Amino acid sequence: MARNKAIGAGAVVTSLLLLTACSSTDSDAAASGESSSTAEPIVAAADASLLPYNFLADDNETFEGINVDLAAALSEELGREIVFENASFDTIIPGLTSGRYDVALTGMFDTLEREETVDFVDYLAAKNDFLVPMDVSGIESMDDLCGYSVGIPGGALEADMLAEASTACEDAGEEPIEVNEYADLDAVVLALTSGRIEVAPNDSAANAYIMSQYPDELQVMGAYLTDGYFAAGFAKDSELVQEFNDAFAAIMEDGTYEEILSEWGIDDRALDEPIINGATF
């Protein structure tokens, strides 16, 4: 998939935020050395296929995206570098609970079920829609997916929603939804553009970015999960929860947060203040 920016021109801070395959104990070697802080870096897990939130630059090493720009601003408030480690989405929460990662900064919903395992600092309003080929029409909600072939990344929240919608289809005498899970969002998009699936329910900013890469092939329609929040995730009772909450509050108050969201074209999803464990479903 091409990775040229099409939404905004978010400030990319590669001098502080470097791809690293190392753990928090040895990530010093991956840091740039330009930080004034001597504190141990914070290791952030991110799925590099979840553009425009987190993705790799053309060098296939440097993280870019909305979360990277936010992390650069947060690191100034925290006084610690934030280094990103690429992780498949379904491994991120286990990685938090095992201590492999300090924070999940990837594009993750805060849900009541996930709050049983991890804590969240909510920082972005949710907005989701359906990415489909040009010849697909009439999809306004999950209820319209009966008989369609749908693709999602493994571990995505949509899995349970699609299972429930598929059961409703069958109960109504219609064809079930064919749900296909892939390793990451890149694989979902490849399946969609190659005709192996017909629908990709996903975050609206990600879908807008993907659609910009395939302007003659893909379109977006409908909506689902228009309430709730994207959040930074932490191991239960981590001291970083309050520290990140305070850091988000600071960049929201001084305008940095709004500026970053505006640069990426998602200022309509801004919050007035961060929320700790604010799941709505």
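This is a predicted model: local features need pLDDT of at least 70, side-chain atom pairs count only at pLDDT 80 or more; totals for chains, interfaces and linings use all residues.
How many nonpolar, polar and charged residues does the lining of the largest pocket have?

1. The largest pocket. By class, its lining has 11 nonpolar, three polar and four charged residues. The space in this pocket comes to about 370 Å³. In total, 18 residues line the largest pocket, and those that lie nearest its centre are Glu113, Arg114, Gly155, Leu157 and Asp160. Two or more lining residues come from each of the helices α2 (92-98), α3 (112-115) and α4.

2. The largest cavity. When the whole structure is searched, one cavity of 30 Å³ or more is found. The largest cavity holds about 240 Å³ of space. Its lining is made by 21 residues, with Leu50, Phe89, Gly107, Glu158 and Asn202 nearest the centre. The elements that contribute two or more residues to this lining are β5 (103-109), β8 and β10 (200-203). Sorted by class, the lining of the largest cavity comprises 13 nonpolar, five polar and three charged residues.

3. Strand β8. This strand covers residues 149-153, and five of the five are buried, so β8 is largely enclosed by the rest of the structure. Ser149, Gly151 and Pro153 point one way from the strand, while Val150 and Ile152 point the other way. The residues on both sides are all buried. As stated in the previous point, β8 also gives two or more residues to the lining of the largest cavity.

4. The unit built on β8. Strand β8 pairs with strand β9 (residues 178-182) in the parallel sense, and the pairing extends over five bridges. Within this pairing, Gly151 has Asn180 of β9 as its bridge partner. Together with helix α4 (residues 158-171), the two strands make a right-handed β-α-β unit. Helix α4 is also one of the elements that give two or more residues to the lining of the largest pocket.

5. Ser166 in helix α4. Is this residue of the helix buried or exposed? Ser166, which lies in α4, has a relative accessible area of 9% and is therefore buried, the limit being under 20%. Leaving aside residues up to four places away in sequence, Ser166 touches Pro176 and Ile177.

6. The six-stranded sheet. An open sheet with mixed pairing has its six strands in the order β4-β1-β5-β12-β6-β13. Its edge strands are β4 (82-86) and β13 (275-276), each of which pairs on one side only. Inside this order, β5 and strand β12 (residues 229-235) run antiparallel and are joined by three bridges. Phe109 stands opposite Phe230 in β12. Strand β5 is also among the elements that give two or more residues to the lining of the largest cavity.

7. Gly65 in a loop. Gly65 is placed in the loop between β3 (63-64) and α1 (66-78). This glycine is buried, with a relative accessible area of 0%. Not counting residues up to four places away in sequence, Gly65 touches Pro52, Tyr53, Phe55 and Trp264. From Gly65 to Leu50 the C-alpha to C-alpha distance is 9.1 Å, and the two are 15 residues apart in sequence. Leu50 is also one of the residues that lie nearest the centre of the largest cavity.

Terms used:
Residues are numbered from 1 along each chain as its sequence is written. Side-chain values use heavy atoms; hydrogens and water are left out. Buried means under 20% relative accessible area, exposed over 50%, partly exposed in between (1.4 Å probe, protein chains only). Helices (H or I, at least four residues) and strands (E, at least two) are DSSP runs, numbered from the N terminus. Two strands pair if DSSP finds at least two bridges between them. A crossover is right-handed if, with the strands pointing away from the viewer, the path from the first strand over the helix to the second runs clockwise. On a 1 Å grid over the protein atoms alone, a cavity is a set of points where a 1.4 Å probe fits but cannot get out, and a pocket is an open set with protein on both sides within 12 Å along at least five of seven lines; lining residues have an atom within 4 Å of a point. Grid points are joined across faces, edges and corners, and a volume is the space filled by probe spheres set on the points. Ala, Val, Leu, Ile, Met, Phe, Trp, Tyr, Cys and Pro count as nonpolar, Asp, Glu, Lys and Arg as charged, and the others, Gly among them, as polar. Contact means heavy atoms within 4.5 Å.
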